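I opened the model and went through it piece by piece. These are my notes, in the order of looking.

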Amino acid sequence: IAVIAGMAGNMMEWYDFALYGVMAPTLGKLFFPQDNQLVSIISVFGVFAAGYIMRLGGGAFFGHLADHYGRRGALIASATVMAITTALVGLLPSYLSLGIAAPLLLVILRLIQGLSTGGEFITSVTYLVENAPSHRRALIGALGMASASGGILLGSGAGTVLFSIFTQDQVLDWAWRLPFLASIPMGLSIAVLRTSLPQEELPERHAGLRPRRSSVLHVLLDHPWALIRGALGGWASQAGFYTLAIFMTSYLTTGKIFKESVALGLQTAALCAAICVAPLSGFLSDKYGRKPIALTSLVGMMLCAYPLYAVVNFGDNTLALIAMVGFMVFVAFGGVSYQIWLAEVFPRTLRATGLGISYNVAAGVLGGTTPLLCVTLIEMTRNRMAPAALLIVASVVSMIFLLLQKETGKKPLK
């Protein structure tokens, strides 16, 4: 039940958060002025990036909550907050109805969603790793990434069904609200499931090990190098993941390379690849160690970043499918090893906080701003291949920090 509860909440969390990215072109038309389409897309991805940046605060807050008061309470709280805020997005009036207040309310809800997502993923991964056998930590922990990909896949699937059933006018008029409102029953069911989890005993309470100061301050002062390695070491896998899972749909549709339904189908295939590859990566990481798997991933991403953009711009469905799925395989391999290493490098009393801060700098500040940076690079250079440079730079930086880290796969948890 621990594995199911961790995966289910993580899946719902990422369904809710990714739904915004999948619906970005539609939300841009509904909540921002339409004088300039590019400005509208930049605005909507700017709000998306703001939500991701807030993940850092969410990781610190929920990490502190989990380290001081237990993983169970943090898991219940993060799922509840996400379900409520996503439902409220589905109830918002549009820009035409409410004026400037509409995008302002959207921003506020996105910021709250960012806090929730920042806490959910790191707490669920921490919970999964700590409840796994020592020789299967990466395999069990890989379910965190698989469930996150599954959640984004659900968001992508919801968008595909929406645009398949309803006309564009119907979507803009009212149907866009449906996938957001679907979070209400999902959130309630998962909250109930998580209340059945046993309240774990906190060893620091009984052994005098509980930090007197804030766990955030504690990890910043005592483990700064681990935080830096964790943040920059994960930049490439996060930038690669959000390039395919969030940005690529808008890139392909606004560039008139593919119809929205085709672009969403390609994104769905890439996410399916991530779900399939994550457990394999975890198995290999348990067998051979974290560093060899992650290094292989980074080399593959660095070499394939430019070909990825070159191939999808041909406009051929089959070639685009091969390019996106192939690139996602490299991304997923590295992402799993990186996440498990982060969970292993911090001690039990600071694990959720350390993981929350370092992972959310990588995923939120560096990875989550990828769609906005990609759009901005295209606008500045007038070159649709420019986003490939971002992936190459991120891969090189992450590779440097990977080489500096110690192997943790064969060691017991601290």
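**Overall make-up**

I counted the elements and found 20 helices and zero strands in the protein. I am working from a predicted model, not from an experiment. I looked up burial next: of the 414 residues, 57% count as buried. The protein exposes about 15,300 Å², and carbon and sulfur atoms supply 72% of that area. I then took the contacts between residues at least 6 apart in sequence and found that 85% of them join residues at least 24 apart.

**Confidence**

I checked the pLDDT before going into detail. The average for the protein is 83, and 90% of the residues score at least 70. Which elements have the lowest and the highest mean pLDDT? Helix α11 (residues 203–206) is the lowest with 48, and helix α16 (residues 290–312) is the highest with 94. Over residues 205–211 the pLDDT is below 50, although this stretch has 13 contacts in the model beyond near neighbours in sequence. Where pLDDT is low, predicted coordinates should not be read in detail. I left that stretch alone.

**Glu120**

I located Glu120 in helix α6, which covers residues 101–130. Is Glu120 buried or exposed? Its relative accessible area is 0%, so I noted Glu120 as buried. What does the side chain of Glu120 meet there? I found a polar contact of 2.7 Å between the side chains of Glu120 and Arg194. I also noted Phe62, which is 58 residues from Glu120 in sequence but 7.8 Å from it in space, C-alpha to C-alpha.

I listed the buried residues of helix α13 (residues 224–233): Ala226, Leu227, Arg229, Gly230, Ala231 and Gly233. Which helices do these buried residues pack against? I found α12 (215–222), α14 (235–254), α17 (317–345), α18 and α20 (387–404).

I followed α18 (residues 351–367) to Ser358, which is found in that helix. Ser358 has 1% relative accessibility and therefore counts as buried, the limit being under 20%. A polar atom of the Ser358 side chain lies 2.7 Å from the backbone oxygen of Gly354. Leaving aside neighbours within four places in sequence, I found Ser358 in contact with Leu227, Gly230, Ala231, Tyr338, Leu342 and Phe346. Leu227, Gly230 and Ala231 are among the buried residues of α13 listed above.

**Helix α14 and Thr243**

I placed Thr243 in helix α14. Thr243 counts as buried because its relative accessibility is 0%. Its contacts, again leaving aside neighbours within four places in sequence, are Met248, Tyr309, Thr370 and Leu391.

**Aromatic rings**

I searched the whole structure for aromatic pairs and got nine. One of them is Phe166 with Trp174, an edge-to-face pair at 5.1 Å centre to centre with 75 degrees between the planes. Trp174 counts as partly exposed because its relative accessibility is 38%. Another pair is Phe241 with Tyr242, also edge-to-face, at 5.3 Å centre to centre and 90 degrees between the planes. How accessible are the two partners of that pair? Phe241 counts as buried at 8% relative accessibility, and Tyr242 is buried at 1% relative accessible area. I also noted one aromatic cluster, formed by Phe31, Trp176 and Phe180.

I then looked for a charge over a ring. Arg384 lies over the face of Tyr251, at 4.0 Å from the ring centre.

**Positive phi in loops**

I looked at two residues other than glycine with a positive phi. Phi of Lys256 is near 60 degrees. Where does Lys256 sit? I found Lys256 in the loop between α14 and α15 (260–288). Lys256 is exposed, with a relative accessible area of 72%.

Arg382 has a positive phi of about 60 degrees although it is not a glycine. I placed Arg382 in the loop between α19 (370–381) and α20. Arg382 counts as exposed, because its relative accessibility is 67%.

Technical notes:
Residues numbered from 1 in each chain as written. Predicted model: local features only at pLDDT ≥ 70, side-chain atom pairs only at ≥ 80, totals over all residues. Heavy atoms only, no water. Phe/Tyr/Trp six-rings, centres within 6.5 Å; stacked < 30°, edge-to-face > 60°. Buried < 20%, exposed > 50% of the residue type's maximum accessible area, 1.4 Å probe, protein only. Lys NZ or Arg CZ within 6 Å of the ring centre and 35° of its normal. Helix = DSSP H or I, 4+ residues; strand = E, 2+ residues; numbered from the N terminus. Polar contact = N/O pair within 3.5 Å; in protein donor to acceptor, adjacent residues only side chain to side chain. Contact = heavy atoms within 4.5 Å. Areas by Shrake-Rupley, 256 points an atom, 1.4 Å probe, with all protein chains shown as cover. pLDDT = per-residue confidence, 0-100.
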